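Morning, everyone. Please put the structure up on the screen, and we will walk through it together.

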Amino acid sequence: MYNPKSLKAEEFINHEEVTESLAYAEENKNNLPLIDSIITKAEKRKGLSHREASVLLACENEERIKRIYDLAEQIKKDFYGNRIVLFAPLYLSNYCVNGCVYCPYHHQNTHIVRKKLTQEEVKKEVIALQDIGHKRLAIEAGEDPVNNPIEYILDCIKTIYSIKHKNGSIRRVNVNIAATTVENYRKLKEAGIGTYILFQETYHKESYETLHPVGPKHNYAYHTEAMDRAMEGGIDDVGLGVLFGLELYKYEFAALLMHAEHLEAVHGVGPHTISVPRIKHAEDIDPSAFDNSISDEIFAKLCALIRISVPYTGMIISTRESQAVREKVIRLGVSQVSGASRTSVGGYAEEIRPTDTVQFDVSDQRTLDEVIKWLMELGYIPSFCTACYREGRTGDRFMTLLKNKQILNCCHPNALMTLKEFLMDYASPETKRIGEGLIAKELQNIPSEKVRAIAKERLSLIENGSRDFRF
Ligand code: SAM
């Protein structure tokens with residue numbers, strides 16, 4: 001039985017509810033009065049249910065799709081302004097005991113060299129990341145209780161936060177490791193992590209079990225209920241995601257929104273972020289073996305629909321996607337992007353970019369300076385801000401900030417100050433020139449006169465060598 005408040009995976013991601021929603025969507029895909037009423041509801045910026053959003057996903061009417069895209073763009077502007085938050089993944093270890101058939105880390109893969117960073121190597125990676133300007137990381141590891149126990153992950157987090165190289169510092173560490181216990185989530189919370197990210201891969205239980213034939217990840221319920229345990233352990237910012245390409249996208253989309261509804265119903269706060277990875281070629285992995293891959297058009301439609309269905313949830317796009325695709329979906333709702341990512345263990349400390357296929361092919365291979373310049377030329381403010389989490393504005397406190405539209409008096413000046421730090425410490429002359437112009441222009445968009453004056457003063461302090469201010 002479908003029950004969004006249940007703590008049982010098969011009740012809150014209920015297969016019958018997903019299939020009935022898809023059937024309802026199919027029946028109504030040409031029902032324009034219904035479609036118009038759903039779009040009108042979305043215009044109120046309070047989100048959509050999985051069933052309503054599924055109808056819009058099924059709709060192929062070009063005029064309505066354009067309305068959906070325009071609305072996604074507008075909601076993005078209203079809630080997130082023109083800021084784009086930057087981060088980089090840091091791969092700690094590719095040891096893994098699971099058998100995920102789409103992932104090159106799967107334990108039977110003998111083509112990759114297994115490697116786990118020592119704390120000395122973590123330090124080298126972090127210095128390399130700080131030296132290009134990163135302030136926010138997402139740490140990644142395979143699942144291996146012997147090689148990557150929670151103590152190892154905690155040691156790495158401690159090392160990462162402890163390194164202060166030149167003007168560099170990592171101010172927020174998000175964590176993407178396998179589903180674990182409440183006790184371990186509590187330890188991660190105590191270690192000061194930002195968001196706990198875990199991709200569901202697929203919500204379709206039968207496919208999930210086939211795609212994860214062996215290892216602890218085989219357990220669908222344990223994996224799907226992980227966010228509830230994370231929240232029980234005190235982590236109130238959690239990040240959902242589906243690996244698009246494994247199952248039918250309409251199924252995944254409805255179930256993903258059901259997961260968000262479940263978190264809201266049980267914990268009073270929805271997911272902090274949703275990631276939208278698509279399956280890529282990798283060592284020992286041929287993406288064409290998975291026949292549910294989606295076109296760039298459908299991918300964009302999914303992003304736009306996520307934006308209007310859960311307006312308060314940030315959206316993340318990685319360098320799995322090309323510059324062109326990233327450009328398209330940033331406009332439609334993405335709020336965070338990775339830049340200059342290296343997906344091999346120890347990759348950042350290597351002088352020449354290693355072939356990254358060890359985890360997956362990186363489509364966007366530009367440097368961080370190039371990514372920053374590109375974003376600014378598109379009219380965005382690249383932001384390295386980590387203030388909310390450091391000020392304790394997580395979970396529902398962050399959502400309140402967003403709902404009260406205080407972003408322009410808070411996140412906007414924080415974005416400008418962190419961009420200024422990047423320009424002073426890491427940017428090329430051309431990027432610096434563009435950035436200085438952008439900051440001068442964007443300062444005028446801070447509504448509160450008082451906040452604007454403080455921001456101006458802090459920008460000149462940054463110019464003179466001070467760092468790390470925040471509202
Ligand atoms: N091991 C952790 C787990 O089990 O959740 C998380 C780390 S894993 C390195 C991060 C994510 O990479 C996975 O959740 C999966 O969605 C994604 N991934 C794995 N293989 C991929 C591929 N071939 N193409 C794109 N993404 C992939």
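**Domains and a helix pair**

Let's start with the layout. The chain splits into domain 1 (9-76), domain 2 (80-365) and domain 3 (403-463). Keep in mind that this is a predicted model.

Now take domain 1 and domain 2. Over C-alpha atoms, their centres are 27 Å apart. Who makes the contact? Domain 1 gives 26 residues, and domain 2 gives 28 residues.

Look at the side of domain 1 that touches domain 2. Which elements give two or more residues to that side? They are α1 (9-12), α2 (15-27), α4 and α5 (62-80). The largest share comes from α5, with eight residues. By class, this side of domain 1 has 16 nonpolar, five polar and five charged residues.

Next, a helix pair. Find helix α3, residues 32-43, and helix α4, residues 50-58. Their axes come within 10 Å and cross at roughly 120°. Is that parallel, perpendicular or oblique? Roughly perpendicular stops at 115 degrees, and roughly antiparallel needs over 145. The angle of roughly 120° therefore makes α3 oblique to α4. The crossing of α3 and α4 is left-handed.

Which residues of α3 and α4 make the contact? From α3, we have Leu-34, Ile-35, Ile-38 and Lys-41. From α4, we have Glu-52, Val-55 and Leu-56. Sort the contact of α3 with α4 by class: five residues are nonpolar, none is polar and two are charged.

One link before I stop. Helix α4 meets α3 in that crossing, and α4 also gives residues to the side of domain 1 that touches domain 2.

Technical notes: Residues numbered from 1 in each chain as written. Predicted model: local features only at pLDDT ≥ 70, side-chain atom pairs only at ≥ 80, totals over all residues. Axes fitted to C-alpha atoms, helices over the stretch in contact; angles between N-to-C directions. Helix = DSSP H or I, 4+ residues; strand = E, 2+ residues; numbered from the N terminus. Parallel < 35°, antiparallel > 145°, perpendicular 65-115°, else oblique. Left-handed = near helix turned anticlockwise from the far one by under 90°. Contact = placed C-beta atoms within 7 Å. Nonpolar A, V, L, I, M, F, W, Y, C, P; charged D, E, K, R; others polar. Domains from an automatic or database assignment.
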